[in-house]
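User: Can you walk me through the strand pairing and the core of this one?

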Amino acid sequence: RIGWGLIGEPMKARWKWMAGASALAAIGLASAPWSLSGLAVRFEMARQIREATGLLAEAEGRAVLALLPRPRVKIENVRIRDRDGNLDIKAEWLRGELRVLPMFAGRLELQSATLIGPHVTLDLDASTFGGQGAIARAMEAGAGAAPSDRLGKLAIVNGAARLWSAARGLDATIENLDLEIDWPRVDEAAG
């Protein structure tokens with residue numbers, strides 16, 4: 001006879017145990033955070049930030065990718081700034097939730113981002129977006145912005161901000177800053 005009939009009960013039990021152990025190992029590998037060669041991950045996150053906001057993003061630390069329970073990336077020592085130095089954000093960590101479907105095509109696409117421990121410096125006298133990125137395109141286009149320009153949710157946890165204006169004689173610091181901005185698409189209002 002062909003099939004399980006030739007294999008005795010002890011052999012069937014071994015196959016079941018091996019299949020169970022393999023499945024458990026696969027789940028363990030998927031749920032554990034993976035430290036990656038950060039270059040590719042940092043480059044992709046910087047590209048998305050630049051396309052959405054027109055700002056430059058740099059990261060010097062490691063990048064960690066975890067798939068379960070929800071795909072996410074965590075990057076150390078992140079700096080986001082404009083070209084002229086009017087806006088400068090330095091964060092200990094950027095934690096990003098990733099969209100699932102683009103991952104099947106081999107792309108990492110941010111759904112939301114959290115800056116942990118950021119220090120923000122903003123010159124209120126300057127234009128910070130400089131005509132680049134989805135935000136600037138939406139401001140120029142008015143109500144006709146491309147609906148494909150998605151921004152998502154941005155959260156700041158335990159941050160500090162220094163706002164200054166030479167024209168107004170203002171130099172203010174805000175500490176213990178926690179906020180969340182949900183802006184699903186640039187042609188919609190932020191919440």
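Predicted model: local features only at pLDDT ≥ 70, side-chain atom pairs only at ≥ 80, totals over all residues.

User: Which strand does β2 join, and how do they run?

Analyst: β2 (residues 56-59) is joined to β4 (residues 72-81) by 4 bridges, and they run antiparallel. Strands are DSSP runs (E, at least two residues), numbered from the N terminus, as are helices (H or I, at least four); two strands pair if DSSP finds at least two bridges between them. Leu 56 has Arg 81 as its bridge partner in β4.

User: And what joins β3 to β4?

Analyst: A hairpin through 5 residues. β3 (residues 63-66) and β4 run antiparallel with 4 bridges, and Leu 65 is opposite Val 73.

User: How many bridges between β4 and β5?

Analyst: 9, antiparallel again, with β5 covering residues 87-98. Arg 79 is partnered with Lys 90 in β5. In that hairpin, with 5 residues between the strands, Gly 85 takes a positive phi near 80°.

User: Switching topic: which residues have the most contacts inside the largest nonpolar core?

Analyst: Val 41, Met 45, Ile 75, Ile 80 and Leu 98, in a core of 23 residues. Such a core is a set of buried Ala, Val, Leu, Ile, Met, Phe, Trp, Tyr and Cys residues joined through side-chain atoms within 4.5 Å; buried means under 20% relative accessible area (1.4 Å probe, protein chains only).

User: Which element supplies the largest share?

Analyst: β5, with 5 residues. At least two residues each come from α2 (38-53), β3, β4, β5 and β6 (110-116).

Technical notes: Residues numbered from 1 in each chain as written. Heavy atoms only, no water. Buried < 20%, exposed > 50% of the residue type's maximum accessible area, 1.4 Å probe, protein only.
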